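User: I would like to learn how to read sheets, helix packing and a chain interface. Can you take me through a case?

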Amino acid sequence: MSFIMVKHIRKTFKVPIKTEGIIGSLKSFFNRKYRYIKAIDDISFSIKKGEIVGYIGPNGAGKSTTIKILSGILNPDSGSVKINNLIPNVDRKKYVKNIGAVFGQKSQLWWDIPAIDSFNLLKDIYKIDDNEYKKTLNELIDLLNLKDILNIPVRLLSLGNRMKCEIAASLIHKPQVLFLDEPTIGLDAVSKKMVRDFIKKINRQNNVTVILTTHDMKDIESLCKRIILIGKGKILYDGSISKLKKKYDYLRKITIETKDKIDIKRNYIVKEKKFDNKIEFTIDIRQIEINEFIKLLSSKISIIDIDIESSNIDDLIIKLYEEFEI
Amino acid sequence: MKSYISYFKLKFITGLSYRAQAIAGIMTQFFFGFVYISVYVAFYESNHSSLPMELDEIVGYLWMSQSLFSLIYLWYKDSEIINMIKTGNIAYELLRPQNLYFMWCSKILGERLSRVTLRFLPVIIIAVLLPKPYNLDISITAFRLLLFIVSMIFSSILMTVLVCLYHVICLFTLDERGVVNIFMVIADILSGLVIPVPFFPKFMQNISNILPFRYISDFPFRLYVGNIDFNEIFISLGMQIIWILILFILGKTLTNKALKRVVVQGG
């Protein structure tokens with residue numbers, strides 16, 4: 001039995017259309033027109049306990065809306081959601097005790113006071129007993145290295161440190177499910193890595209199910225085995241990253257530097273570009289292994305330098321977006 | 001219950017961390033109290049026709065309203081809650097295993113009590129030490145003091161459910177201006193904070209006697225200075241309770257309605 005079951009959910013938003021300028025504003029004041037936007041259009045998936053799933057898609061694809069429905073904040077227009085045998089918007093109070101969430105663009109900490117005060121408040125909200133709370137808090141302080149920042153008012157913290165506290169706040173009640181909506185937005189490389197490592201750690205240690213939305217493909221690559229790609233409110237792909245790579249990620253750019261002249265025509269060479277004494281080949285690795293190709297080249301010319309562009313999941317996603325026209 | 005008290009505590013801590021704001025508040029309240037009273041003193045000296053309140057009564061009324069101002073004025077929005085609605089941070093509030101309405105009520109009451117705690121005593125002390133006729137008279141019978149405290153407790157609760165209602169309405173309008181502002185202006189005037197209710201024309205007095213606003217400030221202060229007879233005291237205490245119930249049920253029902261159609265702003 002799946003831990004999270006989502007069946008055919010739909011959600012439409014009613015958005016007022018406002019025309020520009022003063023006259024336009026006046027017009028829409030008296031005669032307001034609405035547009036209906038299908039944020040989510042028939043989405044179904046299921047997730048097992050302890051999985052980390054990357055939920056990706058371009059801006060406006062319906063990612064945040066899905067997260068909000070899963071966390072019980074929004075009601076779907078139709079369809080059903082069941083998580084750990086609870087229906088989020090029906091058993092709300094019972095359900096939300098088991099989930100934690102970080103919305104990267106919002107804040108759950110109290111702005112003017114130190115984070116530790118916010119944590120103490122959460123302790124009371126979730127009715128955590130003293131010993132349990134102390135234990136969890138100390139764990140989080142160790143793992144996230146929070147010791148020196150807990151007593152500083154949140155407004156004075158750097159974004160990276162604040163995000164650490166946000167994540168700690170979402171885990172203080174030991175949730176079984178963690179929703180992360182763009183948790184690394186705006187962070188520098190070091191903080192990003194730290195956040196990723198931490199997510200991996202708590203997933204492994206506490207078997208927390210994590211659903212992650214992000215635009216940073218490195219997050220996805222380092223954290224998730226499985227991704228769900230959505231666009232225009234529909235699921236376009238649901239499966240492992242490696243399968244996706246096999247299917248779409250078969251082109252490699254190999255740039256060589258040489259003084260010799262070379263002229264090879266093979267059908268696995270998709271593109272060939274020459275500039276100065278460099279040649280850039282784009283080859284199809286389904287037809288020839290890179291190693292074979294280099295052997296072939298070195299048998300014909302002397303190679304001064306070589307650069308093989310590693311596969312890049314960003315490009316892969318762009319390719320996917322293009323293919324699905326989203 | 002404990003968690004609602006924690007909200008209250010946290011708001012209290014936050015409120016206390018702004019010292020400059022508190023000092024500015026004391027000065028403002030003292031300044032306004034002094035200006036109002038000077039106006040009334042001049043008015044009473046030049047006017048000898050019968051007035052609805054004695055001079056010492058009006059002076060006491062004004063000092064009480066100034067010292068408790070930050071608790072009872074109705075032109076009040078909790079900027080944190082409003083921002084939460086506008087920016088979508090309310091998403092986090094909805095994630096908590098709690099009732100949003102009670103959560104907001106305890107936040108509002110916590111913040112306002114924290115403000116009044118720092119301002120109340122200094123203003124009272126200064127007011128008592130002023131020369132006649134500007135000074136506050138603190139000779140009051142124990143029984144009336146007790147009634148005054150009870151009425152102030154009801155008044156604080158009434159204020160909380162009323163102000164919370166503004167914020168609940170914002171859940172629908174997604175903005176604190178417009179309807180809510182109009183509502184607040186009316187509330188402010190009818191509460192007697194601009195001009196004490198006894199000075200209203202008769203028909204305005206009748207209106208404000210029916211509505212809840214006057215029972216937040218005008219009633220307890222007149223009870224304190226003794227400008228009200230015993231019958232009226234008990235009727236007014238009853239009115240406070242009735243309005244607390246009405247506004248509470250209204251606010252709670254509207255919150256539940258709003259949450260069914262909630263839209264979280266932005267991303």
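**Sheets, helices and an interface**

Analyst: Start with a sheet in chain A: six strands form an open sheet in the order S5-S6-S7-S3-S8-S9, with mixed pairing. Strands pair if DSSP finds at least two bridges between them. Strands (E, at least two residues) and helices (H or I, at least four) are DSSP runs, numbered from the N terminus. The model is predicted: local features need pLDDT of at least 70, side-chain atom pairs count only at pLDDT 80 or more, and totals for chains, interfaces and linings use all residues. Residues are numbered from 1 along each chain as its sequence is written, while chains are lettered from A and ligands numbered from 1 in the order in which they are written.

User: Which strands are the edge strands of that sheet?

Analyst: Strand S5 (99–103) and strand S9 (234–240) of chain A; each pairs on one side only. The twist averages 15° from one strand to the next. S5(A) pairs with strand S6 (residues 177–181) of chain A in the parallel sense, over five bridges. There, A:Ile99 has A:Val177 as its bridge partner.

User: What is the order of the open sheet of three strands?

Analyst: S2-S1-S4 in chain A, with antiparallel pairing. Strand S2 (33–47) and strand S4 (78–83) of chain A each have a single partner strand, so one side of each lacks a neighbour in the sheet. Strand S1 (residues 4–17) of chain A joins S4(A) over five bridges. One of the pairs is A:Ile4 with A:Ile83.

User: How do I describe two packed helices?

Analyst: Use the angle between their axes and the distance between the axes. Axes are lines fitted to C-alpha atoms, for helices over the stretch in contact, and angles run from 0 to 180 degrees between N-to-C directions. Here, helix H3 (residues 55–67) and helix H7 (residues 100–129) of chain B pack at about 155°, with axes 8 Å apart. H3(B) and H7(B) are therefore roughly antiparallel (angles over 145 degrees). H3(B) contributes B:Trp63, B:Gln66 and B:Ser67 to the contact, and the H7(B) residues include B:Phe120 and B:Ile124.

User: How many residues of chain B are in contact with chain A?

Analyst: 22 residues of chain B are in contact with 23 of chain A. Contact means C-beta atoms, placed from the backbone, within 7 Å. H1(B) gives the most to this side of chain B, with seven residues.

Key: Two residues are in contact if their C-beta atoms, placed from the backbone, lie within 7 Å. Angles under 35 degrees count as roughly parallel, over 145 as roughly antiparallel, 65 to 115 as roughly perpendicular and the rest as oblique.
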